[in-house]
Amino acid sequence: IGKDKSPVGAYLDYTDIISVAKQNNVDAIHPGYGLLSENAAFAKACKEAGIEFIGPTHEVLGLFGDKTSARNLAVKCGVPVIPGTDGPCSSLEQVAPPSPPSLRNVELQGQ
């Protein structure tokens, strides 16, 4: 696995991982704790190859890998969330609150 690739490149080459698994009649893969454990494409590729992915389904990984979708689902299910935007943002103004007054201004207002 990962011939002529960097260590990280080899680790993330799930096509080769699945190929070796198929050649060796592997019926399940535990992705460990790292990038592959959160990779929806890897989970889907395992399923398509007939290999059990030990972890969430690719649909769940895809949903929670997208923070906007995950937040919307939490709101829909009644899970309390901290204040934030209702969807994707395209500018800093949409996500940054107005600048608070400086401490100096606050001190002067009290005099």
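Which loop does D13 lie in? D13 sits in the loop between helix 1 (7-12) and helix 2 (14-23). Before going further, note that this is a predicted model: local features need pLDDT of at least 70, side-chain atom pairs count only at pLDDT 80 or more, and totals for chains, interfaces and linings use all residues. Residues are numbered from 1 along each chain as its sequence is written, and side-chain values use heavy atoms, with hydrogens and water left out.

**Overall layout**

- The protein has 7 helices and 2 strands; here helices (H or I, at least four residues) and strands (E, at least two) are DSSP runs, numbered from the N terminus.
- Reading from the N terminus, the order of elements is α-α-β-α-β-α-α-α-α.
- Of the 111 residues in the protein, 19% are buried (buried is under 20% relative accessible area, exposed is over 50%, partly exposed is in between, with a 1.4 Å probe and protein chains only).
- Take the contacts (heavy atoms within 4.5 Å) between residues at least 6 apart in sequence: 28% of them join residues at least 24 apart.

**How the helices pack**

For the angles below, axes are lines fitted to C-alpha atoms, for helices over the stretch in contact, and angles run from 0 to 180 degrees between N-to-C directions. Angles under 35 degrees count as roughly parallel, over 145 as roughly antiparallel, 65 to 115 as roughly perpendicular and the rest as oblique. For residue classes, Ala, Val, Leu, Ile, Met, Phe, Trp, Tyr, Cys and Pro count as nonpolar, Asp, Glu, Lys and Arg as charged, and the others, Gly among them, as polar.

- Helix 2 and helix 3 (residues 40-48) have axes that come within 10 Å and cross at roughly 25 degrees, so the two helices are roughly parallel to each other.
- On the helix 2 side, Y14, I17 and I18 make that contact, and they meet A41, F42, A45 and C46 of helix 3.
- By class, the contact of helix 2 with helix 3 has 7 nonpolar residues, with no polar and no charged ones.
- Helix 3 and helix 4 pack at about 170 degrees with their axes 8 Å apart, and are therefore roughly antiparallel to each other.
- Helix 4 (residues 58-65) and helix 5 have axes that come within 5 Å and cross at roughly 95 degrees, which makes helix 4 roughly perpendicular to helix 5.
- Here L63, F64 and G65 of helix 4 meet K67, S69, A70 and L73 of helix 5, and the classes come to 4 nonpolar, 2 polar and 1 charged residues.

**The ends of helix 5**

- D66 caps the N-terminal end of helix 5 (residues 67-76), with a side-chain oxygen 2.9 Å from the backbone nitrogen of T68.
- After helix 5 comes G78, and its phi is positive, near 80 degrees.

- Most residues other than glycine have a negative phi.
- N25 is not a glycine either, yet has a positive phi of about 55 degrees.
- N25 lies in the loop between helix 2 and strand 1 (28-29) and counts as exposed, at 69% relative accessibility.

- D13 counts as buried, at 10% relative accessibility.
- The side chains of D13 and K5 are joined by a polar contact of 2.2 Å (a pair of N or O atoms within 3.5 Å; within protein, one must be able to donate a hydrogen and the other to accept it, and residues adjacent in sequence count only if both atoms are side-chain atoms).
- S37 is in the loop between strand 1 and helix 3, and a polar atom of the S37 side chain lies 2.5 Å from the backbone oxygen of G34.
- Leaving out residues up to four places away in sequence, S37 touches P31, G32, F53 and L61.
- L12, in helix 1, counts as partly exposed at 32% relative accessibility.
- L12 and F42 are 30 residues apart in sequence and 9.1 Å apart in space, C-alpha to C-alpha.
- Not counting residues up to four places away in sequence, L12 touches L35 and L36.
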